[in-house]
Structure formats: C-alpha cells, structure tokens
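Morning, everyone. I have one structure to walk through today. Please have a look at it on the screen first.

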Amino acid sequence: MPLFWLYQVFGGQYHQNKIYYPLMKKINSNQKISSQVLMDYLNCKYKAYLRISKENEEITNFQVLNKEIIDLTRQQYKKIFCQKPTTSFGDFSTESYVSSRTLKKRFNKLFNIKIVDKDLEATIDVIEQISYKPPIYVPISILSDYKVSKNDKLLLAFNSFILSQSLNKNIEFGKIFYGYPLKSLKVNIKPLFDSILTIVDDIRKFIFEKKEPNHILNNHCEICIFKQNCYQKALDNDNLSLLKVLRNKDIQKLREKGMFTIFQLSHTFRPRRRIKKRTRNSKTRHIPALKALAIREKKVYIYKEVEIPKTRVRVYFDVEGDPDRNLFYLLGILVDKGSSLEKKSYWIGNESNKDQIAEDFLDYFDQLSEFTIFHYGSYEIKFLKFLLKSLIKRREKSIERIIDNSINVLSIVYTSIYFPTYSNGLKEISGYLSFEYSEPNSSGLYSILWRRLWEVDYDEELYKKLILYNMEDCFALKKLTEFIFAISNDEKISNPEFSSIEITSNFYNEISQRYGGYNFGSHKFALDNFDFVNKRAYFDYQRNKVFFRTDKRLKKINKKNKKGVRFKRKVNQEKCINPSRICPNCGSTDTYKQNTNFYKIVVDLKFFTGGIKRWITKYIGYYGKCRKCKKQYLPNKYKKIRVKYGHNLISWVIYQNIVNKISFEKIEKTLADSFQISIGTVGSGNSYYFKKIAANYYQISYDEIARRIQDWSIIHADETRASIRGENGYVWVFTNMTEVYFLYTNDRKTDFIPDLIQGFSGVLISDFYKGYESIGCEQQKCLIHIMRDVNDTLFKHQQDEDLILISQGFSDLLRTIIETIDKYGLKKRHLNKHKKDVDKFYRMLCNKSWESEIAIKFKERFQKQRGKLFLFLDKDGVPWNNNNAEHAFKHFSTYRRDTNGVFTEEGLQRYLILLSIYETCKYQGVNFLDFLLSKEKNIYKYLGEK
C-alpha cells in the first residue's frame, strides 16, 4: 500500500510516528490473519485465539444450514448481476488464490478469491472493476442476513485494505449485498481503517506473545464451532459468564472485587432490608448472587410472593418470527380447558393470507368467555401490537382483550423465582422440570434458518419441524406455569412431577438469621401460643398492663399520660377589632357596633434582645350591624385570623426544621418542654401543617426565583435520586452564585428544562449525564467529574501503562490551568494561552495507538466532549467544575438520609420550596430566620431588589 495514501488517511502523521509501522513490516510466521480470524475476533476474542491455536472444530447443523442459505444468496446475486456476457474469474463453489498480476488484468468480476499480503489473508466474495481508465475496483460482500451489522462493515474494510495493498491503489468504498431478495448498501471504508489496524495488532499478540484473552461466553456461543470445548472449560472453571444475566461489564466489576467463580458469587448474597411502605407496583430487580446460590444449593428459591389469576381456561401462546425482517409467520396456542387440551397452529405462508389468518386467530379468542394467556417474553405482545396497527384498528377490542388477559411468565421468573439453571431461557428451565424437546439442538436461531430455507422450495419437512418446535414451546411453557401455580400462595406442591424438586420459599428469615439479619420487627411463630406469649412480652404492654398493679407510682404516671399535657394559657395581650363603618353587603354607612363579640386565641413566640418567650394574644372581634339591610357582619381583619398559631412561631418551627435539621417530633417536644406550647400530642405530626402554611406563604418567592433563571449568565445543574415510599424520583437543583432553585420530578427525563430556562443565553454547567446533551445552549462539563473517573479507574488498574499515560497528561494539563485561575481568576485573556496545551494533549490522544480498552474508552470520551470540557477558556466568569450545584445538594442529602425515604411527594415539594429560599438567603448572606420573621413574601423585595 503506498505511503502517500496512509499519509492522507491518517492526517499526515505517518512519517512522524511509528504507530502503524508494525502493520507494514515483514512477519516471519506461517500463521495468517485471515478474514475468518478477523470475523471470529469481532464475534469473540477467545474464538479467534482458538482458531489461531488450531483447536479442533466441530461443524454444527447450524453451520450446514447457514451455508445453504449463503449459497442461495450467492446464486441470486449471480443470476441478477451476471446475466450479460462478462469477463470473469473464479466461481463461488471454490476458493481461488490470486496475485496482484491477476488482479491487474481486465476481469470485470472475480468470484470467491483469496489475496495474501505478508501475514494478512483476505477472502472476498466478489471484486468488481467498475472503471478501466483509471482502473477502479470495488470489493463486494454477499450476506445471507437481512441486516448489515458493524462487524460486516469492518470485515469489508479489512478485505479492502489487503486488496488496496495488492493493487497499490486507494479504494474509497465497498458494497454489501444482503437479504433475499437482494438489497445493496454502499459503505464508506475510509473511517473504518483505524479500527482495523488496532484489531490486527491485537490478533498479532495472540500469535507472537501467545497471550490468551479472557474466556467469556457470549451470545455467539450458541452457533460457535468451539461451543462444546468452551462450554466445558467454563464448567470446569465455574466461569461467571455461564450466568447469562451477567454482562461483560458486570463480570469485569466482579473480577475487580476478587470474584472469579459462580461459587464465590453465591456467598455474596444478602437479603436486602424490606421497606414497609414500598408500593405494590414497585419493581424487583434480578439478583445474580441469588441465582448463583440456587445453582450452588441446587434449590429453587422463591424470592417474592407469586400471584397468578386462576381461570378455568388457560392458553399458552408462542409466536415464531424473523426479527430482522419484522416477520411473524407462525402462531401456536395450547388451550387447557381443564378436562381437555386443544392445539392450534396458524401458519402465515405469504403476505396474501396474512390478514385472513390473523382474523381467524382473533375469532377463536372471541369465542372464549374467560381465559388467561401465558407467554414467555415480550415477543408475543410485540406481535399483538403489530397486529393492532396492520389491521388498522378493525379488531382493536379483540386485540386489547387478549393483551389485558396476558401474563409474561418470564417477568415472574426473572424477578421472583430463581431456578438452579445458568439462564432463564424457557428451554433450560423446562429441561430442569424434566421436559424434553424432540430435537435437542432446536432453538430460535434454528427456526429462523428453517423458515428461510422453506421460503426457497417450500419443503414439507421444514414446515413440520417448525410446527412441532412451536407447539413444544407451548408445552414447555405449560409445564413451567403449572410449577408456578403449584408453588404460589405458599401452597405445598401437590403435583407428583415436581415432588423431587427442593424449594425454599420462606428463605428470607433463614438466610437473614444465618448472616446476622435484622432482629427488629414482628416475628412469625409456628404456634399460636408462642405468638400469644410474645405479644405480652413487649415493654409498653407490661408497663401499662402488668407492672402498674404492683407499683403505685406507675399508676399515677399512667393516669397523667392519659390526660395528656395541658398548659395554662395566660393571655399576654388583648386586641379589640372593631367592625367597619361601611356595610360590606349594601355599602351603607348607617351602621353601629353591637355588644356581641367573639374571640380567637393566637399562640405565638415573641423575640426580644437576648431571648424568646411565649406570647399569647387574644383577638376580640365585635359584630357590626347595618340599619338599612339589617344584616350582621364581622371585621375583615378578624376573619383573616384563621390559624391559632402566630407567624413567629411558624417561622421558628420552619427555621429549626430546615436550617438545624431537627425533626418535627423533636420540635414539638421542645415547644412543650421549653415554652409550654402544646401542638396536640407530641409526635402526632400537627407541626407538619406549619410546613404547608409556610410553603404556600412563600410560593411567590419560589416562583420568582424560577422566573429569573433565564436571566442568569451561568447555570449549575445537577440531579440526585429521591426515594418516595419505594418509588424512585429525582430532585434537581439549578443555581448560580447567588440563587438556588430546587425541583422534583418523577423521572430523570430533562424535557422540562428547556421550558424552565427558556430564553437563557448563558452557559450551562453540568456533569456528564446524557440528558443534558439535548439542551440547546452552550455547556461546560465538570472537569472534576472526569478527573475522579480517571483517578478511580487508575486505582483499579494501576499497571495499565496506557491509562497512566493519559492520566499523567490530563493531570499536567489541569494543573497548569488551575494555577492560572488561582493567580488571575476566570478571565479569558489569561486562560486563552492554555488552548495550546489542550491541543497538545489531544494530539497525544490521537497520535498514539492505544492497546488498553480502558484507555481507548477514555480517549473516545475526551474526543467526544472536547468542545464542552474546555469552553471556560473562551469565557469570562465560567467555572470549570460543578461543585456549586453539588454543594447546594449537601443539605438535601442530610434530609434524605434522616427521613429514610418515608416522605410523601407533596411533603417533599413543600420542603424544596423552603429549601430553595433558605439556600438563596445563605448565598446572599442573609439570615434566614430574619427573613421569615419580616413577614415579607417576596425575597427580592426584602433584599431591596426590583
């Protein structure tokens, strides 16, 4: 491949560094990095290692069937594009090695050829010469799939790379033909070469360093030629990847903690503390550690109570389809009516009969008066929703009735039942329950191949296979559902088929005691007598029912407690409120004051120099009467006195709760003990009403803060989770250097922010949450966040040389910038000079070939966020971190911890109103209590602002 081309592709950096030089040098090895090895690497690194190591391959039925489909696709290509006489070389039936000399001849098309260049070997389906002067070649891949993946594009780029070296010419693009009938896709190859070079270097390590990659099973294993060997090795090593619920990221995190086997993971399970006020609809996540425990103990663990409606008619429903084509072709139902079983299969052979079969399917369910449908996974519901659209709502009621009566058994198994199986697949779980399929190798992937082959020649045997496989799925689902019915509602298993299965349904207490669980709370007893005795052992019961009989002092205390605490109300001040001289009814001035009066007692606190004392005011209101309309009326001022507690008392309670973080229960006790003010029984929660009064009173200030956000020059934004009785919500904070605004939402969506900051023309400072990306304004990302991420990762991977290099470069860059900020402040005329340092850091990122996956991820992250990481260098007064927002959250974090998630949404929103005003006062250097006592509703008027 010409050097000028590499120089052009990689931005003129080739002659300055030797990163790509290993690709060009001669390799003294007989081992070739072929197209097949590259594709294996993309699917599974360990598979590529096994192929290079020449491990024994086992050709499976899947490969045989897949080859048939590939051959059919190739024949289709030749039939469509090779009808006219053309000069060609080779054939799809055999592979042919060609040299650069053969390629330079004027062949219009070359089929199924191999090209070797040093240690690289490409197998290309078709090479087409689309121009002779100058000669232009296009590599073509022919796929049997109906969708083109990223791996397919990378394979085309690899083949193009080797072809370009053989021809000594630049190849700009390639083509992919896929599906049946064929579709074509033009692929721009140039952006993919960087990835290809990195992959080839990694594969070379397998050859020369004999570096074995981590052995991790993945989804590709089902169709892999090394499936048996890999699976057996995973079993021997008790590999974590056997648990299909664990992703690669999860496995990596567990390994960092020193857990490498399922046996080790099983010992980490601890039952979580159950929140009493958790709602019924709260979601339960799958717990891999409990799954591992079930495998270790060979038991079925029932983590959560299972409730399934019991109806006379149970329908087991399974749909077969081809997701890549959005094709649903077989509907199978098994109807259990108690006394009989009924099997029905609806086969959709082509588009012409699709609607009619759908109508027949719906007609059958319309005949059933009451039923429950069981299905495994969400594919069946996806089909029903697709049906709803395709029938243009002609049968909307019928379809919605089916959906409403449907139960996804997988969701029950995933959250509540832990089988001793490595996955939650229907085939594996039903196999544990002693159900056997006719064909052991049958699966969803096989069914897709069978259907695609059937569409070619309409083979009756394939049709029967699909019908049988679909119906066996229904029977397997029936078996699993019967097991769930047997264990639900703490019933003993009555079905003899499941008698040998060991089940632990009440394991929570068992494991809790084993690992030192929670001892507080009510305890369950096997005998009623034990329960009777236990209830009479509580402290309150014995004190109030038993001990007072022998201790006279307790009898007096009990009588006193029953009466409650009553304080004498000595009135400190009386205020008479006379009626208005103008009648509010008719407007007449011919009125007079009556002797009849009413009064209201207002309990308050009086602040004076050096202390606080209780202050009780008696407001006496006199009736007025109009001589003209003969109607009585009370003074308006008297009517406005609606609460029996004064503004100062409410302000003091709010101050103690918000600022000093004292609970309302403790505040009530303090008022009773210190000021002899009783707000009902201590702990009754009457003081919560003060928060409602205060929140409504200061709503004006809260709304005014929100209105002014759009005029800010900078906005620090952040969010944190807030659990409300088991349901997750989010509290948001928006602040600058002088004002703070808190807000609660039920989810983490940022849809509300554009409306909140409408017209904002400043800079938004935030963390790296993706929700902020959609907000249309200039943004500065918090450098502290990314610095912490780099630092934490460096602690975990201290031997990663690439990560150390990135960390060192980033830390040096930050240090020089922060030193300038410390000296001159956030002024762009001083910060502009650091743009050169930023460019130097990014050149280092781009020019070096990183081998570490972690380093590559950080490189991509830095490149993606470059415009938002160093925006502050071009702006005056824009901070480089989001600590202002995090600082504002400190107060709320303490409140959240103390309340332990038992607050209501309404109570939280009121708290956030008052917290916004408190934090704003704090940022403004104003005493919050002074503001409350001033009785000013608008904080900006109190501050003297317009």
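How confident is the predictor? The mean pLDDT of the protein chain is 83.

Now the overall makeup. The protein chain holds 946 residues, and 49% of them count as buried. It has 39 helices and 25 strands. What about contacts along the sequence? Take the contacts between residues at least 6 apart in sequence: 65% of those join residues at least 24 apart.

On to the sheets. Start with the one built from five strands. It is an open sheet, and its order is β23-β22-β21-β24-β25. The pairing is mixed. Which strands sit at the edges? They are β23, residues 740-745, and β25, residues 778-781. Each of these pairs on one side only. Going from one strand to the next, the twist averages 25 degrees.

Let's zoom in on one pair in that sheet. Strand β21 covers residues 714-724, and strand β22 covers residues 727-735. They run antiparallel, with nine bridges between them.

The next sheet has three strands, in the order β15-β9-β16. This sheet is open too, with mixed pairing. At its edges are β15, residues 417-418, and β16, residues 503-504. Each has a single partner strand, so one side of each has no neighbour in the sheet.

Strand β9 is residues 300-302, and it pairs with β16 in the parallel sense. Two bridges join them. Opposite V300 you will find I503 in β16.

Helix α12, residues 288-297, lies across β9 and β15. It runs at about 140 degrees to β9.

Now the helix pairs. Two packed helices are described by the angle between their axes and the distance between the axes. So watch for those two values.

First up are helix α3, residues 35-43, and helix α8, residues 193-208. Their axes come within 11 Å and cross at roughly 95 degrees. An angle from 65 to 115 counts as roughly perpendicular, and therefore α3 and α8 are roughly perpendicular to each other. Which residues touch? From α3 we have V37, L38, Y41 and L42. From α8 we have I196, I199, D202, I203 and F206. By type, the contact of α3 with α8 has eight nonpolar residues, no polar and one charged.

Then come helix α25, residues 647-658, and helix α27, residues 688-697. They pack at an angle of about 100 degrees, and their axes are 10 Å apart. That makes α25 roughly perpendicular to α27. On the α25 side, the contact uses H647, L649, I650, V653 and I654. They meet F690, K691, I693, A694 and Y697 in α27. The contact of α25 with α27 divides into eight nonpolar, one polar and one charged.

Last, a caution. Where is pLDDT under 50? Residues 275-281 are one such stretch, with seven contacts beyond four places in sequence. Residues 515-520 are another, with eight such contacts. Where pLDDT is low, the predicted coordinates should not be read in detail.

That's my tour. Over to you.

Conventions. Residues are numbered from 1 along each chain as its sequence is written. This is a predicted model: local features need pLDDT of at least 70, side-chain atom pairs count only at pLDDT 80 or more; totals for chains, interfaces and linings use all residues. Side-chain values use heavy atoms; hydrogens and water are left out. Two strands pair if DSSP finds at least two bridges between them. Helices (H or I, at least four residues) and strands (E, at least two) are DSSP runs, numbered from the N terminus. Axes are lines fitted to C-alpha atoms, for helices over the stretch in contact, and angles run from 0 to 180 degrees between N-to-C directions. Contact means heavy atoms within 4.5 Å. Angles under 35 degrees count as roughly parallel, over 145 as roughly antiparallel, 65 to 115 as roughly perpendicular and the rest as oblique. Ala, Val, Leu, Ile, Met, Phe, Trp, Tyr, Cys and Pro count as nonpolar, Asp, Glu, Lys and Arg as charged, and the others, Gly among them, as polar. pLDDT is the predictor's confidence in each residue, from 0 to 100. Buried means under 20% relative accessible area, exposed over 50%, partly exposed in between (1.4 Å probe, protein chains only).
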